Amino acid sequence: MDATTAPHHIPPEMSQYGEENHIFEIMQNMLEQLLIHQPKDPILFMINHLQLDNDNVPKIVILGPPASGKTTIAMWLCKHLNSNLLTVENLIAKEFSSLAAAARKHYQINKRVPSMQLVRLIQDRVSEDDCVRRGWILDGIPETREQALMIQTVGITPRHVIVLSAPDTVLIERNLGKRIDPQTGEIYHTTFDWPSESEIQDRLIVPVGISELETAGKLLEYHRNIVRIFPSYPKILKVISADQPCVDVFYQALTYVQTNHRSNAPFTPRVLLCGPMGSGKSLQAALLAQKYSLVNVCCGQLLKEAVADKSKFGEVIQPFFEKDMAEYKLQEGGALGSLPCNAVPGTARMLLPDSLIMKVLSERLNQQDCIQKGWVLHGFPRDLDQALMMDSLGYKPNRVFFLNVPFDSVLERLTLRRTDPITGERYHLMYKPPPTTEIQDRLLQNPKDAEEHVKFKMDLFYRNAAELEEFYGQALTINGDQDPYTVFEYIESGIINPLPQKVP
């Protein structure tokens with residue numbers, strides 16, 4: 001493209017299609033595989049690679065010292081992810097393989113497999129159909145930096161590496177109580193995990209090499225090697241404490257392997273903030289807009305601006321506003337300008353047709369700044385019908401957050417708000433009280449902040465929230481009842497990091 005004609009007006013459908021279908025990641029993965037395998041026919045190789053459709057299958061390495069529980073965690077992950085467990089034992093046990101037979105013979109004599117043989121066994125195994133389709137989990141491999149580099153050299157690249165860690169004293173004590181079921185390979189413990197069935201108890205055996213002296217020697221060798229393995233897996237390695245219940249270790253490991261690593265793909269945030277009135281949507285939207293140069297799209301503010309500008313939509317919206325605003329002025333002497341952006345007259349918002357609101361919103365989201373910079377939307381949609389309408393018109397947020405705030409906290413935030421009718425200054429009787437009694441005596445409460453109205457709006461939101469959360473299946477729920485900058489950090493993390501995979 002001719003750079004002199006920049007900036008180019010790229011249709012929003014292009015970037016949206018690229019993000020939804022992970023085009024950048026597909027191209028990046030293909031390029032990596034091309035450089036690793038260097039096929040004679042790159043086109044045919046790329047066609048075959050795309051047909052495999054296995055870029056997201058598990059490719060996991062689990063490391064840890066003796067008695068850290070790595071085999072148990074690896075087995076549980078295999079069952080949960082429907083993947084394949086690769087251990088030294090099952091690699092050398094492969095039938096009808098001269099390579100496995102040679103490795104098995106060497107293992108029986110020396111209790112270890114030469115690195116070259118081990119890597120070739122792994123290479124053969126991961127190329128088999130079940131590993132290609134369902135991925136693999138390496139248990140306790142690599143043991144040394146040499147093995148790690150050899151595995152990388154043949155093009156085997158894990159997506160996640162987990163290292164379990166625990167104090168040596170805990171590991172030695174834990175190892176002394178280890179027992180193995182020779183039929184299933186399941187590992188039990190005399191203190192922490194003893195089987196209830198007497199039949200299993202009777203056949204358990206004490207594994208060799210678990211004495212205190214032998215365990216201490218293995219731990220010394222492990223610590224010497226693991227510090228040299230760490231640099232081989234930058235950005236994909238996570239250390240998890242194994243000195244906690246096994247179930248907790250498993251869920252931490254599962255959460256990590258379901259997490260996508262941050263991508264270099266171009267990303268235009270389209271953020272939707274949902275929550276009841278008083279949950280802090282407006283503040284969080286302003287913080288996001290300020291830090292990431294997003295367009296802050298407040299639906300209520302758009303409607304007010306349309307009326308104030310006397311636009312074609314504003315003239316249609318005006319009659320819906322007049323009755324509500326007349327009542328407000330009669331009760332409190334207020335003015336439209338004194339309302340916060342999301343406090344569009346309640347009755348008017350409820351009477352306005354969804355199609356009209358959507359036309360005003362579409363006009364704003366179609367502007368070039370929204371397309372190029374991205375946007376953060378709040379105040380719409382409020383129910384499933386509005387969400388479906390927005391989706392059908394192609395306005396699909398790629399990050400959705402629900403701010404969850406208890407009812408009592410919302411009441412405290414809203415019902416104590418006051419406005420000075422002379423200066424327009426806003427106060428809060430608890431968090432920002434007026435400086436003098438003279439100002440306090442003239443403060444007015446917005447009718448929308450009355451307890452009855454707040455209860456009504458909260459009830460209305462939560463009546464529709466379940467359907468909205470189900471519609472936006474990848475939405476993240478955040479505790480909004482904490483410091484606003486802490487809430488912002490959680491939202492920010494959800495935007496800059498990829499969404500977690502949802503594995504049933």
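Residue I23 is located in helix α2 (residues 23–37); helices here are DSSP runs of H or I with at least four residues, strands are runs of E with at least two, and both are numbered from the N terminus. The structure is a predicted model, in which local features need pLDDT of at least 70 and side-chain atom pairs count only at pLDDT 80 or more, whereas totals for chains, interfaces and linings use all residues. Residues are numbered from 1 along each chain as its sequence is written, and side-chain values use heavy atoms, with hydrogens and water left out.

With a relative accessible area of 33%, I23 is partly exposed, a class that lies between buried (under 20%) and exposed (over 50%), as computed with a 1.4 Å probe on protein chains only. Together with Y17 and M27, I23 makes a nonpolar surface patch of about 310 Å². Such patches are made of residues with over 30% relative accessible area and no salt bridge, nonpolar side chains (Val, Leu, Ile, Met, Phe, Trp, Tyr) being joined within 5 Å and like charges within 9 Å. A salt bridge is a side-chain nitrogen of Lys or Arg within 4 Å of a carboxyl oxygen of Asp or Glu. The areas come from the Shrake-Rupley method with a 1.4 Å probe, and for residues only the protein chains shown count as cover.

Strand β8 (residues 270–274) is largely enclosed by the rest of the structure, because five of its five residues are buried. In a regular strand, side chains alternate between the two faces of the sheet. In β8, R270, L272 and C274 are buried on one side, and V271 and L273 are buried on the other. Strand β8 pairs in the parallel sense with β10 (residues 375–378) over four bridges, and L273 stands opposite H378 of β10. Four bridges also join β8 to β11 (residues 399–404), again in parallel, with F402 of β11 as the bridge partner of C274. Strands β9 and β10 run parallel and are joined by four bridges; V297 stands opposite L377 in β10.

Several backbone features were noted in loops. Most residues other than glycine have a negative phi, and most peptide bonds are trans. A cis peptide bond, with omega about 10 degrees, joins I141 and P142, and P142 lies in the loop between β3 (136–139) and α9 (145–153). The bond from F380 to P381 is likewise cis, with omega near 0 degrees; P381 belongs to the loop between β10 and α20 (384–392). The non-glycine residue N82 has a positive phi of about 55 degrees and is found in the loop between α4 (70–81) and β2 (84–86). N82 is partly exposed, at 49% relative accessibility. For K111, which is not a glycine, phi is positive at about 60 degrees. K111 is placed in the loop between α6 (98–110) and α7 (115–126) and is exposed, with a relative accessible area of 60%.

Conventions: Two strands pair if DSSP finds at least two bridges between them.
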